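Take a look at the protein shown here.

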Amino acid sequence: VGPDVLERAPSLKLVATTALSASFDGIDLSACRARGIRVVRLPNFDADSTAEAIVSMVLSQLRQLASCHKIIRDGLWAAPIQEEMQSKTVGLIGVGSVGMRLASLFKAFKVK
């Protein structure tokens, strides 16, 4: 995560890595510090749960579940346009255990 990534994410507040080493290889700590972005290392995590949570958030966004929920609570039965995950292109930064699990899950949805 360097200046090029940070420039494209102006609202970024946190960078978390699951790297097992004590270093933050691949993360520009000075660039993060200059932007007030906190960097943390999370060596103990559950890759499956994390990857599944990410996929569920992607599906929720594509299917606009929050909007659908509000529309139904308002007594309406219309639905906003929804997108399918199939044929979408997803970029993964890092291919540690979470990234590899995500790639596997996205493959099941025919994601590029």
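What follows covers the pocket, the nonpolar cores and the cysteines. Keep in mind that this is a predicted model.

**The pocket**

Start with open space. The largest pocket holds about 860 Å³. Its lining counts 26 residues. Nearest the centre lie Ala 16, Thr 17, Thr 18, Ile 93 and Gly 94. What classes of residue make up the lining? It has 16 nonpolar, 9 polar and 1 charged residues.

Now pick out Thr 17. This residue sits in strand β1. Its relative accessible area is 15%, so Thr 17 counts as buried, the cut-off being under 20%. Setting aside residues up to four places away in sequence, Thr 17 touches Phe 24, Ile 27, Val 40, Arg 41 and Leu 42.

**The nonpolar cores**

Next, the packing. The largest nonpolar core has 10 residues: Ala 47, Ala 51, Val 55, Leu 62, Met 85, Val 98, Leu 102, Leu 105, Phe 106 and Val 111. Helices α3 and α5 each supply at least two of this core's residues. There is also a second, separate core of 7 residues. Among its members are Val 15, Ala 31, Cys 32 and Ile 37.

Ala 51 lies in helix α3. Leaving out residues up to four places away in sequence, Ala 51 touches Val 98, Arg 101, Leu 102 and Leu 105. Met 85 belongs to this core as well. Yet the C-alpha atoms of Ala 51 and Met 85 are separated by 15 Å, and the two residues are 34 residues apart along the chain.

Then there is Leu 62. Apart from neighbours within four places in sequence, Leu 62 is in contact with Gln 82, Glu 83, Glu 84, Met 85 and Lys 88.

| Residue | Relative accessibility | State |
|---|---|---|
| Cys 32 | 0% | buried |
| Ala 51 | 0% | buried |
| Cys 68 | 13% | buried |
| Thr 17 | 15% | buried |

**The cysteines**

How many disulfides does the structure hold? The count is 0. A disulfide is a covalent bond joining the sulfur atoms of two cysteines. Cys 32 is buried at 0%, and Cys 68 is buried at 13%. Cys 32 also has a place in the second core.

Terms used
Residues numbered from 1 in each chain as written. Predicted model: local features only at pLDDT ≥ 70, side-chain atom pairs only at ≥ 80, totals over all residues. Heavy atoms only, no water. Disulfide = S-S within 2.5 Å. Buried < 20%, exposed > 50% of the residue type's maximum accessible area, 1.4 Å probe, protein only. 1 Å grid on protein atoms, 1.4 Å probe; cavity = no way out; pocket = protein on both sides within 12 Å on 5 of 7 lines; lining within 4 Å. Points joined across faces, edges and corners; volume = space filled by probe spheres on them. Nonpolar A, V, L, I, M, F, W, Y, C, P; charged D, E, K, R; others polar. Core = buried A, V, L, I, M, F, W, Y, C linked by side-chain atoms within 4.5 Å. Helix = DSSP H or I, 4+ residues; strand = E, 2+ residues; numbered from the N terminus. Contact = heavy atoms within 4.5 Å.
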